[in-house]
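Student: I've just opened this one and I'm new to it. Can we go through it together, one bit at a time?

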Amino acid sequence: MNFELTEEQRLFQDAVGAFARDHLAEGALERAHAGEYPRDVAKLMAENGLLGITIAEQDGGQGGSLMDAVIAIQEVALHCPRSADVIQAGSFGAIRVLAAYGTPDQKERYLKPLLAGDTLIAVGMTEPDAGSAVTELRTTATPDGEGLRINGQKCFTSHSPEADVFLVYVRFGPGVGGIGSVLIPRDAEGLECFTSHSPEAAVFL
């Protein structure tokens, strides 16, 4: 297997590196210690095609590969590690699940502003009694006549202190086949976030 970057990837690497050096190196230390998610950086990333790198163009993304996103993260991290997390959040994890499985309405409501750098998504997977073993999760989703009633707890949910929407893994029924996910906006009735000293250690129910 050839692990050498293609010419196109090298050009992309150089361009992202130059962008990070010119726009993100200054203030990197302050961002690292600030704690809060740098929304101004997210807007800047979106304007320069660095959000949604792995998301298909028809969904508003850049249509790039996983390797493209990794290259961008690496180059930005050399100048501003905190800003590199913005690319990660905008190209991997919950946003990819939304792009792959979301309905047209969900993509319009949630994916579009995420790719514009206007909002932030967090994934609720880890639980106090199950860890990250999704097969052991206890959070349930039960139809209540108007939608779904979600009951449970999540912890160590990255970006939860400032997330605008949560992709939450739940149990609709028994067994592996009963596991799925739901989108919960931050202002949903009954949703509470409890944050400890670390932005990575929040619990919500």
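Tutor: Let's start with α6, where A94, I95, L98 and A99 are buried. Keep in mind that this is a predicted model.

Student: Within what arc do the buried residues of α6 fall, seen down its axis?

Tutor: Start from the buried set, A94, I95, L98 and A99. Looking down the axis of α6, you'd find that these buried residues line one face of the helix, because they fall within an arc of 135°.

Student: Which exposed residues sit on the face of α6 turned away from its buried side?

Tutor: We've seen that the buried residues of α6 line one face. Exposed here takes a relative accessible area over 50%. On the face turned away from the buried side, the exposed residues are A100 and Y101.

Student: And what covers the buried residues of α6?

Tutor: There are helices and strands in the cover. The helices include α5 and α7 (104-115), and the strands include β1 (121-124), β4 (165-171) and β5.

**A residue in β5**

Student: Which residues is I184 in contact with, leaving aside its neighbours within four places in sequence?

Tutor: Contact needs heavy atoms within 4.5 Å. With those neighbours set aside, I184 is in contact with I150, V165, F166, V168 and L191.

Student: How far apart in space are I184 and G124?

Tutor: Along the chain, 60 residues separate I184 from G124. In space, going C-alpha to C-alpha, the distance between I184 and G124 is 9.9 Å.

**Helix α5 and its partners**

Student: Which helices do the buried residues of α5 pack against?

Tutor: Helix α5 covers residues 81-89, and its buried residues are R82, S83, A84, V86, I87 and A89. They pack against α2 (28-34), α3 (39-47), α4 (66-77) and α6 (94-101).

Student: How does α4 run relative to α5, roughly parallel or roughly antiparallel?

Tutor: Their axes come within 7 Å and cross at roughly 165°. Angles over 145 degrees count as roughly antiparallel. So α4 is, relative to α5, roughly antiparallel.

Student: How many nonpolar residues are in the contact of α4 with α5?

Tutor: On the α4 side are A69, A72, I73, V76 and A77, and on the α5 side P81, S83, A84, I87 and Q88. None of them are charged, two are polar, and the nonpolar count is eight.

Student: How many charged residues are in the contact of α1 with α4?

Tutor: The axes of α1 (residues 7-23) and α4 come within 8 Å and cross at roughly 35°. The contact is made by Q9, F12, Q13, V16, G17 and A20 of α1 with M67, D68, I71, A72, Q74, E75 and V76 of α4. By class, seven are nonpolar and four polar, and the number of charged ones is two.

Technical notes: Residues numbered from 1 in each chain as written. Predicted model: local features only at pLDDT ≥ 70, side-chain atom pairs only at ≥ 80, totals over all residues. Heavy atoms only, no water. Buried < 20%, exposed > 50% of the residue type's maximum accessible area, 1.4 Å probe, protein only. Helix = DSSP H or I, 4+ residues; strand = E, 2+ residues; numbered from the N terminus. Arc of directions from axis to C-beta. Axes fitted to C-alpha atoms, helices over the stretch in contact; angles between N-to-C directions. Nonpolar A, V, L, I, M, F, W, Y, C, P; charged D, E, K, R; others polar. Parallel < 35°, antiparallel > 145°, perpendicular 65-115°, else oblique.
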